[in-house]
Amino acid sequence: MTSNQAITQTHPTITILGAGAMGSAILDGLLAEGRFAREFRVTNRRRDSLLLPWPAGVTAFSTEDDRNANRAAVEGAELVLLGVKPSMVDDLLAEIADALEPGAVVVSLAAGVTTAMMESFLPEHVAVVRSMSNTPAGVGFGMTAIARGSRVSDAQFELVGRMFRAVGEVLVLPEEKLDAVTAVSGSGPAYVYYMIESFARTAADMGFTQAEAETLVTETFRGAVELLRASGKSPERLRLDVTSPGGTTERAIGVLENADLSATFAAAIAAAAARSKEMSAGR
């Protein structure tokens with residue numbers, strides 16, 4: 001396959017090396033979308049992953065059964081997604097480097113993995129893109145930021161962008177912002193789930209059943225986000241719309257402000273961004 005053929009594929013073959021939480025979410029989202037890719041290949045270390053009811057169009061490889069599984073999975077693939085842990089990326093790139101097709105694009109899904117690091121392991125005819133997505137991609141509501149490597153063409157970069165737009169929203173950003181993206185939206189769903197956990201636990205402590213508490217809280221979060229998206233109003237404006245002077249909401253907001261919730265969020269996100277930078281530096 002020539003480089004030009006690889007970057008003009010309307011329905012590319014996608015290989016996901018390491019179907020962990022993020023790789024599986026993107027696979028689920030693309031399978032549900034159903035139009036973007038021609039074929040999917042997935043690798044896992046354990047053979048029991050092959051027992052899953054993989055849908056048509058997905059071929060699973062186990063490195064436990066075949067030490068060359070990753071190399072076999074990337075042969076002929078236009079897009080290769082790295083879904084392994086950051087500490088495993090350099091060994092994986094060294095393993096697959098000479099098996100990649102000319103014109104293939106390698107996309108990192110891992111925090112802290114820079115384009116320069118990826119390019120240092122790969123031949124000149126392979127392009128790289130750094131991405132930071134999140135698990136709502138599995139249901140078509142992912143938020144992904146992408147940054148281009150030095151060798152990626154406009155056509156290749158657009159192909160990567162189209163892939164992520166098939167499972168949600170995409171922002172094209174300079175690479176120096178990707179550590180902050182990791183902290184805000186990459187890890188962001190976990191912050192939301194943590195708040196829902198805490199909120200639902202409090203509701204259950206007030207006498208609701210666990211099912212009642214989870215319904216009350218989950219639908220409140222869902223409704224608030226949908227109203228924010230649909231109304232065109234700012235979060236502050238919508239908060240003030242609910243906060244009547246002297247009312248129950250004002251009393252609750254006062255408690256949150258006294259606890260300096262904004263500073264707590266700032267500290268948490270800064271800690272996540274700092275960790276991403278540490279991983280980028282190989283620490």
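Trainee: Hi! How many helices and strands does the protein have?
Mentor: Hello! There are 12 helices and eight strands in this predicted model.

Trainee: And what box do the C-alpha atoms fill?
Mentor: Taken along the principal axes, the box is roughly 70 × 40 × 35 Å.

Trainee: Thanks. What share of the residues is buried?
Mentor: Of the 283 residues in the protein, 39% are buried. As for contacts, take those with a separation of 6 or more: 64% of them are between residues 24 or more positions apart.

Trainee: Let's go to the helices. At what angle do α7 and α12 cross?
Mentor: Roughly 135°, and their axes come within 8 Å. Helix α7 covers residues 178-186, while α12 covers residues 261-280.

Trainee: Which residues make the contact?
Mentor: On the α7 side you'll find Asp179, Ala180, Thr182, Ala183 and Val184. From α12 come Ile269, Ala272, Ala273, Ser276, Lys277 and Ser280. Sorted by class, the contact of α7 with α12 has six nonpolar, three polar and two charged residues.

Trainee: Are Arg130 and Asp179 buried or exposed?
Mentor: Both Arg130 and Asp179 are buried. Salt bridges with shared partners also bring in Glu175, so that Arg130, Glu175 and Asp179 form one network.

Trainee: How many salt bridges are there in the whole structure?
Mentor: A search finds 14. Another one joins Arg71 and Asp98, where the closest N and O atoms are 2.5 Å apart. Here too the pair links distant parts of the chain: Arg71 sits in helix α3 (residues 69-74), and Asp98 lies in the loop between α4 (89-96) and β5 (105-108), 27 residues apart.

Trainee: How do Arg71 and Asp98 count by relative accessibility?
Mentor: Arg71 is partly exposed at 25%, whereas Asp98 is exposed at 61%.

Trainee: What about Arg35, which residue is its salt-bridge partner?
Mentor: Glu33, with the closest N and O atoms 3.5 Å apart. Arg35 is exposed, at a relative accessible area of 59%, but Glu33 counts as buried at 19%.

Trainee: Why does 19% count as buried for Glu33?
Mentor: Because buried means under 20% relative accessible area, and Glu33 has 19%.

Trainee: Back to helices for a last one. How do α8 and α9 cross?
Mentor: The axes of α8 (residues 188-205) and α9 (residues 210-231) come within 8 Å and cross at roughly 135°. That makes α8 oblique to α9, and their crossing is right-handed.

Trainee: And which residues meet there?
Mentor: Val192, Met195, Ile196, Phe199, Ala200, Ala203 and Ala204 of α8 meet Gln210, Ala213, Glu214, Val217, Thr218 and Phe221 of α9. By class, this contact of α8 with α9 has 10 nonpolar, two polar and one charged residues.

Methods
Residues are numbered from 1 along each chain as its sequence is written. This is a predicted model: local features need pLDDT of at least 70, side-chain atom pairs count only at pLDDT 80 or more; totals for chains, interfaces and linings use all residues. Side-chain values use heavy atoms; hydrogens and water are left out. Axes are lines fitted to C-alpha atoms, for helices over the stretch in contact, and angles run from 0 to 180 degrees between N-to-C directions. Helices (H or I, at least four residues) and strands (E, at least two) are DSSP runs, numbered from the N terminus. Contact means heavy atoms within 4.5 Å. Ala, Val, Leu, Ile, Met, Phe, Trp, Tyr, Cys and Pro count as nonpolar, Asp, Glu, Lys and Arg as charged, and the others, Gly among them, as polar. A salt bridge is a side-chain nitrogen of Lys or Arg within 4 Å of a carboxyl oxygen of Asp or Glu. Buried means under 20% relative accessible area, exposed over 50%, partly exposed in between (1.4 Å probe, protein chains only). Angles under 35 degrees count as roughly parallel, over 145 as roughly antiparallel, 65 to 115 as roughly perpendicular and the rest as oblique. A crossing is left-handed if the near helix is turned anticlockwise from the far one by less than a right angle, and right-handed if clockwise.
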